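Please look over the sequence and the structure shown below before reading on.

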Amino acid sequence: MSLLDDYAAAAGEDVIDHLRQLAAPLRGATVVHVNSTRAGGGVAEILDKMVPLTEELGISTRWEIITGDSDFFECTKGMHNTLQGNRIPLGDHLLRVYEETNAANARILGPTLREADFVIIHDPQPAALLSHVPDRKGKWMWRCHIDASHPYRPVWKYLRGFVAPYDASIFSLAAFAQELPHPQYLVPPSIDPLSEKNITLPDEEIRRTCERHAIDSERPLIVQVSRFDRFKDPLGVIAAYKLAKRFLPPIQLVLAGGGAADDPEGEAVLAEVRAAADGDSDIRVLLLPPDAHREINALQHAADIVVQKSIREGFGLTVTEAMWKGKPVIGGDVGGIRLQVVNHHTGFLVSTPEGAALRIRYLLHQPDKIREMGVKAHQLVLDSFLITRHLREYLTLMLALRDGAEHDRIELA
Amino acid sequence: MSARAGSIRKATPFKIKDCALVAMATGRRARLMPEFRREIATVPVQSIYHHFWGGLLQPRFEEREYNNDFAAWMRHSMHDAVLAERLAALDPTSCPELEALRREMLELIDNRLDEVEYLSWARASIQFEFLSSQIVIFDTGRTVSHPAELAENIGHLSTSSIFYHFIDARRRVPEGNNDFTLWMQSFGRDFEPLCASLTGVDPYFGSITELRQKLATIFQACVREHRS
């Protein structure tokens, strides 16, 4: 069976047929994705499957990463945080490192990028590459995965200078889009239903995972899976758990996450989380390696409720993963979580630890509600947030850019 | 040869198509009523179309409280129930063109601003994002050669197929008609009652799943009558 056959089984034959129709006029074209890490974080996970799937449709596709030193990643982490609203200026030294690193990477990647028909640059890290490829042949798109709804203006003004010359940009939500002189597409990210992180696991494997982490399978389990990042509010999750535990003493909490190669702040946040959890034997703080996909899968399967109490969120793929596994999600009322958590249907949107605690108590008192919301959550992901829909939209916008984005109608029939 | 057989021979098969929308930001947004009015007055008509019709293709778990995004925003973010109800009552199928719909909206907004002074400076809790969309049209590879065959199949078409043939068609087919009616006209007068019934269907109120069911019921009833 081909990869496309596998996806047809998971997402439906019609969905794959649409992909084939979209890919037919693009056959022979070359696509290059560029980001800054091959492991850790949602972007790498999406590209891991997006690239072979596009290849199988007959479109030559490459995935390149840019490299940099610790100053570069300190700068890009700063950009990430400031685009999400932190008001911290970036020093001239760091901005110089950013530009020099992009220039150095452009010297290596230049020939590939110059000849590609379509280049998709992910997030701020490689955004400046375009300025070093003036004789580019294809269409370039800047894909912003970040909640840039309230960026710190001086940093956005700086970055905008690199982004404006692109042919199009892609944001996850309308609220994140910025004023730019080119078409701005709205494409939510997605999960891969066939990845190690999302396949259905044998019960035995889930049980063994729980045992390994001293989780009692007989007691209610709340899980948040995310990087140890302040925007994910892990301390707020612990606060919510403590509030709920006063009323529901048996509950357990797992905070599980990995570090990402481009995230220098993770260690400091992890230390804060461990300090906050100290003394409670029902809280497990798990720092997992980037390839612990089955382990995360098992923890999400084992959960009664999944929490994603972010205070800023580009999209929240861990929310999508949990919903795919039929779990209700209590999520922060921000960013892309709002697209997925439909209040009272697939979970609850909350703004405070108190709100999260209230909903934890509500759901644990109504197991039928947990099941009902889980079924709806799975269906919503099937309809809207699988990688096949994501790829369909990328292929659509490639065709639109090739033929002139001003057309609002693309006829394949 | 009967007239009916002759007309059937003339008709070309109906190609069943499917579609998907890709949303785009227009870069326009509004948090205050004067901003909202200004954007309604100047935003491309594709955006007005998207906010009246695009929601039908989005998965949802309950009846839409309001039938267009403008009315929903007016109620839940601007918190003006009166204008929300008036905007919700607008039926785009009754406007000959989108510019007329835009003028209707502006009239309602201006009237409401005259009625209630505070709305001129009220601030919405969440800003309105004006979107538009590109539509991509797929070939399902399936055709039907007679209305009776369409009657058997219409209940099984995807909701996006129904959207394409019955809603998007209004932008493509003369007199705001739909693809089914246009095709059945090639059968001469045989299916005029069916065409008339379809013209009477208002696709705007209700979900697209309900619309599909309604169309299936009409098709089956008319085809039964035609056979008898």
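Helix H2 of chain B, residues 33-42, lies across S1 and S2 of chain B and runs at about 140° to S1(B). Here an axis is a line fitted to C-alpha atoms, for helices over the stretch in contact, and angles run from 0 to 180 degrees between N-to-C directions. Helices (H or I, at least four residues) and strands (E, at least two) are DSSP runs, numbered from the N terminus.

The model is a predicted one, in which local features need pLDDT of at least 70 and side-chain atom pairs count only at pLDDT 80 or more, while totals for chains, interfaces and linings use all residues. Residues are numbered from 1 along each chain as its sequence is written, and chains are lettered from A and ligands numbered from 1 in the order in which they are written.

## Chain B as a whole

The secondary structure of chain B comes to eleven helices and two strands, and from the N terminus on these elements follow the order α-β-α-α-α-α-α-β-α-α-α-α-α. Along the principal axes, the C-alpha atoms of chain B fill a box of roughly 70 × 30 × 30 Å. Of the 228 residues in chain B, 36% are buried, a residue being buried if 20 or more other C-beta atoms lie within 10 Å of its own, exposed if 12 or fewer, and partly exposed in between, with C-beta atoms placed from the backbone.

Two residues are in contact if their C-beta atoms, placed from the backbone, lie within 7 Å. Among contacts in chain B between residues at least 6 apart in sequence, 70% join residues at least 24 apart. Helix H3 of chain B, residues 45-53, has B:Ser47, B:Ile48, B:His50, B:His51, B:Phe52 and B:Trp53 among its buried residues. The buried residues of H3(B) pack against strand S1 (14-32), helix H4 (69-76), helix H6 (98-115), S2 and helix H8 (159-167) of chain B.

## A sheet built from both chains

An open sheet of nine strands, with mixed pairing, has the order S2(A)-S1(A)-S3(A)-S4(A)-S5(A)-S6(A)-S1(B)-S2(B)-S13(A). Its edge strands, each pairing on one side only, are strand S2 (60-65) and S13 of chain A, and the twist averages 25° from one strand to the next. Two strands pair if DSSP finds at least two bridges between them.

Strand S1 of chain A, residues 30-35, is mostly covered, with five of its six residues buried. S1(A) pairs with S2(A) in the parallel sense over six bridges, and in this pairing A:Val32 stands opposite A:Arg62. The chain crosses from S1(A) through H3(A) to S2(A) in a right-handed β-α-β crossover; right-handed here says that, with the strands pointing away from the viewer, the path from the first strand over the helix to the second runs clockwise. Four bridges join S1(A) to S3(A), and these strands run parallel, with A:Val119 in S3(A) as the bridge partner of A:Val32. S3(A), residues 118-122, is in turn joined by five bridges to the parallel strand S4(A), residues 139-144, where A:Ile121 stands opposite A:Trp142.

## Where the chains meet

S13(A) and strand S2 of chain B, residues 123-144, run parallel and are joined by three bridges, and A:Glu411 stands opposite B:Ile137 in S2(B). Across the two chains, 29 residues of chain A are in contact with 20 residues of chain B. The elements that give two or more residues to the chain A side are helix H2 (13-23), strand S6 (184-186), helix H14 (367-384), helix H15 (387-403) and strand S13 (409-411), and H15(A) gives the largest share, five residues.

## Two domains in chain A

Chain A is divided into domain 1 (3-190 + 386-403) and domain 2 (203-384), with bounds that come from an automatic or database domain assignment. Taken over C-alpha atoms, the centres of these domains are separated by 28 Å, and the contact takes 24 residues from domain 1 and 23 residues from domain 2. On the domain 1 side, helix H3 (42-56) and helix H4 (70-83) of chain A are the elements that give two or more residues.
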